[in-house]
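Q: Hi! Could you walk me through this structure while I look at it?
A: Happy to, just ask away.

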Amino acid sequence: MPITEILEKNAENYAEDVCLVEINPEIQERRRVTWREYELIEPDLRHHYRREITWHVFNEKANRVANLLLSRGIQKGDKVAILLMNCLEWLPIYFGILKTGALAVPMNFRFDAEEIKYCLELSEADVLIFGPEFVGRIEEIVDEIDEKRILFYVGGDCPTFAEDYDKLAANCSSLSPNIQIKDSDDAAIYFSSGTTGFPKAILHNHESLMHSAIVEQKHHGQTKDDVFLCIPPLYHTGAKMHWFGSLLTGGKAVLLKGVTPKTILETVSNEGCTIVWLLVPWAQDILLALDRGEIKLEDYKLDQWRLMHIGAQPVPQSLIKRWKEYFPDHQYDTNYGLSESIGPGCVHLGVENIHKVGAIGIPGYGWEAKIVNTDDTEVKAGEVGELIVKGPGVMTCYYNDEKATAETLKDGWLHTGDMAEKDEDGFIYLVDRKKDVIITGGENLYPVQIENFLSRHPKIKDVAVIGLAHERLGEIAAAIIELKPDVECSEDEINEFCKELPRYKRPRKIIFNTVPRNATGKIEKPRLREMYNSVNLVEAQNKA
């Protein structure tokens with residue numbers, strides 16, 4: 001059953017129940033605003049308010065999106081890209097795309113103009129729906145992308161090179177387009193990347209999406225009464241697929257535009273949140289704020305908060321130990337997954353297994369997992385090998401990339417590229433990443449991109465970027481820089497040069513040293529990790 005049918009049922013069974021709330025931490029007027037009231041507010045003032053929609057209105061909005069796309073010739077199998085910050089429009093747009101039989105193509109809001117263009121072309125997107133934060137980036141590439149694509153703008157003051165989504169959708173029918181969708185039909189394309197930093201387009205069908213909803217509910221036991229707090233970006237498979245648990249049960253979710261400890265605890269308290277998904281840095285910040293007395297638990301209503309879970313990066317054992325000191329009654333879970341396995345849940349710790357904190361866990365509901373050597377033979381407990389997973393959430397393929405698909409999918413098994421070991425109880429522990437991707441604060445950094453940028457500096461002879469363990473962010477990017485002979489260069493000079501990079505891509509540590517390369521000219525990154533004590537990042541974090 002496609003997840004669009006779950007939405008239809010919720011709209012029928014829970015029509016007037018609130019399903020989504022958007023909270024802006026810079027709210028200037030604290031009062032409730034329904035979607036219909038919101039539409040009467042001037043567009044440039046809308047972001048100041050708490051906004052909410054019911055299941056009926058959610059479905060109605062999704063239908064208008066679908067009918068708008070159909071009126072413009074979008075058909076089953078076409079692709080529609082979404083480039084929006086988290087907002088109340090995001091999920092109705094996503095479901096409206098699915099209702100047409102087209103493929104939703106969520107895009108990372110950190111993409112620069114060239115990355116946006118690259119991913120639009122890679123996915124063969126026919127439409128781009130974007131928000132005000134991206135006008136400048138789209139303007140840079142509009143002459144190259146608008147001739148063969150429809151551009152819809154979500155927000156006030158529509159730029160001249162795009163069409164006004166709000167006005168156009170408002171004039172479309174709110175009735176379901178009633179297009180037949182099968183579980184085997186293509187549903188969405190997500191973007192990932194290997195060590196080269198060039199994104200791959202990951203194709204999933206409707207069975208994958210539905211399975212992720214079932215997995216999430218099975219793992220965390222959502223009921224109609226649960227309220228899920230969602231802070232991470234909705235373009236990420238993790239955030240959206242965790243919300244699918246609320247979709248399956250008809251529960252409420254809150255989209256929070258803010259990550260300060262005070263904002264998070266206020267929202268949990270005011271909205272009655274029972275389930276909160278955090279990234280390691282946010283959990284660390286809450287603990288530090290509590291340690292310093294900047295926030296006090298007694299100032300908030302938190303008794304209903306039953307589950308805190310973390311994903312997107314390894315979790316230090318010390319963090320959970322400290323968390324349980326402040327929140328002794330909380331259930332805790334961690335989820336492992338990747339975009340190729342429709343996000344989190346192919347491996348998970350399980351709320352009943354908190355004594356195994358440090359492990360990523362056991363195979364998730366409906367999933368299989370093995371640790372294998374180079375010839376795909378399963379290794380014994382305690383031996384290190386590559387983690388591979390199999391289940392209904394495995395991607396269909398890398399879109400238009402048969403070679404990469406064949407390298408990653410073998411007999412239905414997805415090769416994750418992560419090195420792991422299993423203990424005597426069957427719990428899986430990550431040892432290191434086979435890929436060189438650095439995960440900092442839940443976001444992927446691609447060393448080659450940073451290396452290519454730094455190599456442009458006139459004083460740099462060679463450069464390598466690796467991840468170093470970091471208490472708050474999980475990892476940080478460190479640049480090992482080999483200077484040209486007889487030149488001098490300071491860290492300040494490199495940091496100033498790196499200001500041309502987006503802030504999150506800038507290396508946090510600069511090390512001046514030689515860069516070791518092997519006989520074939522490849523950087524010897526394992527050797528660098530040994531030199532700078534980052535051989536086992538998970539172990540390093542757990543000792544923090």
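Q: Of the contacts in the chain with a separation of 6 or more, how many are between residues 24 or more positions apart?
A: Those pairs account for 68% of them, where contact means heavy atoms within 4.5 Å. This is a predicted model, where local features need pLDDT of at least 70 and side-chain atom pairs count only at pLDDT 80 or more, while totals for chains, interfaces and linings use all residues. Residues are numbered from 1 along each chain as its sequence is written, and side-chain values use heavy atoms, with hydrogens and water left out.

Q: OK, and what radius of gyration does the chain have?
A: The chain has 23 Å, which agrees with the value near 24 Å that a compact globule of 544 residues would have. The radius is taken over C-alpha atoms, and the globule rule is 2.2 Å times the number of residues to the power 0.38.

Q: How much of the chain is buried?
A: Of the 544 residues, 59% count as buried. Buried means under 20% relative accessible area, exposed over 50%, and partly exposed in between, with a 1.4 Å probe and protein chains only.

Q: New topic: how many helices and strands are there?
A: The chain has 17 helices and 28 strands. These are DSSP runs, numbered from the N terminus: helices are H or I with at least four residues, strands are E with at least two.

Q: Which residues are buried in helix α12?
A: In α12 (residues 317-326), they are Leu319, Ile320 and Trp323. They cover an arc of only 90° around the axis, so they sit on the same side of α12. The arc is that of the directions from the helix axis to the C-beta atoms.

Q: Why would residues a few places apart point the same way?
A: An α-helix has 3.6 residues a turn, so residues three or four places apart do that.

Q: And what's on the face turned away from the buried side of α12?
A: That face carries the exposed residues Lys321 and Glu325. As for the buried residues of α12, their cover includes β13 (275-278), α11 (280-291), β14 (307-310) and β15 (331-338).

Q: What about the sheet with β26, in which order do its strands come?
A: The order is β26-β27-β28, in an open sheet with mixed pairing. Two strands pair if DSSP finds at least two bridges between them.

Q: Which strands stand at the edges?
A: β26 (460-470) and β28 (509-512) do, each with a single partner strand, so one side of each is left without a neighbour in the sheet.

Q: How do β27 and β28 run?
A: They run parallel, and four bridges join β27 (residues 474-483) to β28. Ile480 stands opposite Ile511 in β28.
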